[in-house]
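Hi everyone, thanks for coming.

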Amino acid sequence: MSSMAPADVEMETREASPAHFLIKIDSFSLLDKHGIDKIESKQFEVGYDKWRLIIYPNGKDEEGYVSVYLAIAGTDNLLSNWEVNATFSICLFNHFSGNYSYSLGRARRFHALKQKWGFEKFISIQKLTHPSNGYVVDDKCVFGVEVFVNENEAVTECLSVKSVDEVPYKREFRITNFSTLEDKWVSEEFTFGRRT
C-alpha cells in the first residue's frame, strides 16, 4: 500500500462476530512499552488451508497506524506452483456497542511470492485508543478475520494457431446418383500428409 492510501480503512458495522478467528489482546498499552512490534496469531484453518492474523500495533511501515494482515500458513505441504484465491475481511470489536467494524471484503491471490495481504493503515492508533470509541476498553481490544476461499473451478480454454508453410489440404468428392444411395457412401482411399 502506498503512503497516499486514505487514513483508516473503509469499514462497515455488523452484530455478527467473524466466522473464522478472533484474537483478544490484553494490556494493549504495554505492547509498545515492551517493544512488541508484531503479533502473529496461532494458525487457524479455513477449508483445507491454514492462516494467521498478523498485527503490527505501531504500524508496519506507517507510524501512527495499526497494520493488520492475513497470511497463509503451512505452505510447506502445498505443490510448488500453489495459489489460493480468498476473499477476506478484518474486523475490530467495539466494546460499547457490541458490534464489529469490518473492512470491506477483498479478493486476493495468495501464492509463494505474496503470502500475506492486508492493510497498512487499518486504523489510526489515536482512533483505536481514544476512550470514547470503544475499541480499547480496560486496555483490551479484539481483532478478527473472516476468510472465504474461492475454489478454482474455472474452465480454461487455450486457442493456439500454428503457422504452416503448406497449403491446407483440400479434397473434392463427386457422388453420382446421390438420391439412389442406401445407408452410406464410402469414398476411395486418399493420402493426407503421412496419413491414409
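So, which residues have the most contacts inside the largest nonpolar core? They're Trp51 and Phe143, in a core of 33 residues. By nonpolar core I mean a set of buried Ala, Val, Leu, Ile, Met, Phe, Trp, Tyr and Cys residues joined through side-chain atoms within 4.5 Å. Buried is under 20% relative accessible area, exposed is over 50%, and partly exposed is in between, with a 1.4 Å probe and protein chains only.

Quick word on the source: this is a predicted model, where local features need pLDDT of at least 70 and side-chain atom pairs count only at pLDDT 80 or more, while totals for chains, interfaces and linings use all residues. Residues are numbered from 1 along each chain as its sequence is written, and side-chain values use heavy atoms, with hydrogens and water left out.

Okay, back to the core. Apart from the 33-residue one lies another core of five residues, including Cys91 and Phe93.

Now the rings. Phe, Tyr and Trp rings (six-membered ring for Trp) pair if their centres lie within 6.5 Å; planes under 30 degrees apart are stacked, over 60 edge-to-face, and the rest tilted. That gives nine aromatic pairs. Take Phe93 and Tyr100: their planes are at 50 degrees, so that pair is tilted, with centres 4.9 Å apart. Phe93 is buried at 18%, and Tyr100 is buried at 9%. Trp51 and Phe143 turn up again here, in a ring cluster with Phe88, Phe110, Phe119 and Phe122.
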